[in-house]
Amino acid sequence: MPEPYVPKEAIGHGDGGSAALAIGEAESLERRPGAAPPGGPPASVGKPRSLWSDAWHDLCRNPVFVISALVILFLVVIAIWPQLIATGNPYRADLAKAQQGSQPGHPFGFDTQGRDVYTRVVYGARASITVGVCATTGAALLGSLLGGLAGFFGGWGDTLLSRLADVFFGIPVILGGLVFLSMVTSTTVWPVVGFIVLLGWPQVSRIARGSVITAKQNDYVQAARALGAGNGRLLLRHIAPNAVAPVIVVATIALGTFIALEATLSYLGAGLKPPTVSWGIDISTASPYIRSAPHMLLWPAGALSVTVLAFILLGDAVRDALDPKLR
């Protein structure tokens, strides 16, 4: 078996043990993938899988991940092209058919204004998926940037960010949404997205901060710094790839939570507003008629429940694949 590669500089100065191995690991990270160490034997053809490839291999064999991913893919497709499975107009009303049940061509029946419930359920996926994806992306990017920089540099910036996050954690989400969104008259999804990002980034920032603090204490980071790597290279090349996994897990699970939050705010009249087609709005409209026309409530509520459950199960599967302690 060939001896592990140790830099000649470390040997010449009498360094050894963990310091030599750490510097050797840092230099191996600086070399191009597949390149042989200086003076060492040629790189072998087969190499062990990385954390990401190993996680993907486990995910592909996980039936929970496969089923939830297929459901989410279907929801994304109908959110982009609802005309694929719903040819009707979600705003077309026929009061003569108000609150009627299932009929040929209208499997979900009609609502209080005689609008096709099936068509509105299909078109309602667009608002929920848009809010969930955009809010999660914004919260993940903002939280990762602030938390990562605070965890890496520390000092007064870290203290200020921690106290600011505590302030946002103290704001009740539903009450804050009712107060903030009640002052907004826009019928688009962007005020709701902005509010969710405003209250969602502190959780991501704490996860990112803790991951960066843990990653920057590893020996290969210290060795790369000793070899002259700057802060930017340390963050992007050595720390970020090893600290991003917890952020991805939290963001995936939070996506389903944000969709449920949007539906809750819309149900209370503070989220999305008509004429936007939303599951929360339809659930709010159908609630007084739960006894006389339960189909008006059950179908949009069922679509919302399936969507939130799919994202939560996807996040659980990703967490199990990326956390080696759970294997």
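**Figure 1. Helices along the protein chain of a predicted model.** Helices are here DSSP runs of H or I with at least four residues, and strands are runs of E with at least two, both numbered from the N terminus. The model shown is predicted, and by this definition the secondary structure of its protein chain comes to twelve helices and zero strands. Followed along the sequence, the chain therefore reads α-α-α-α-α-α-α-α-α-α-α-α.

Figure 2. Of the 327 residues in the protein chain, 40% are buried.

**Figure 3. The crossing of helix α8 and helix α10.** Helix α8 spans residues 190-216 and helix α10 spans residues 231-267, and their axes come within 9 Å of each other while crossing at roughly 155 degrees. Because angles over 145 degrees count as roughly antiparallel, α8 is roughly antiparallel to α10. The crossing in which α8 passes α10 is right-handed.

**Figure 4. Residues in the contact of α8 with α10.** On the α8 side, the contact is formed by V192, F195, I196, G200, Q203, V204, I207, A208, S211, V212, A215 and K216. Their counterparts in α10 are I239, A243, P246, V247, V250, F258, L261, E262 and L265. Taken together, the residues of this contact divide into 16 nonpolar, three polar and two charged.

Methods. Residues are numbered from 1 along each chain as its sequence is written. This is a predicted model: local features need pLDDT of at least 70, side-chain atom pairs count only at pLDDT 80 or more; totals for chains, interfaces and linings use all residues. Side-chain values use heavy atoms; hydrogens and water are left out. Buried means under 20% relative accessible area, exposed over 50%, partly exposed in between (1.4 Å probe, protein chains only). Axes are lines fitted to C-alpha atoms, for helices over the stretch in contact, and angles run from 0 to 180 degrees between N-to-C directions. Angles under 35 degrees count as roughly parallel, over 145 as roughly antiparallel, 65 to 115 as roughly perpendicular and the rest as oblique. A crossing is left-handed if the near helix is turned anticlockwise from the far one by less than a right angle, and right-handed if clockwise. Contact means heavy atoms within 4.5 Å. Ala, Val, Leu, Ile, Met, Phe, Trp, Tyr, Cys and Pro count as nonpolar, Asp, Glu, Lys and Arg as charged, and the others, Gly among them, as polar.
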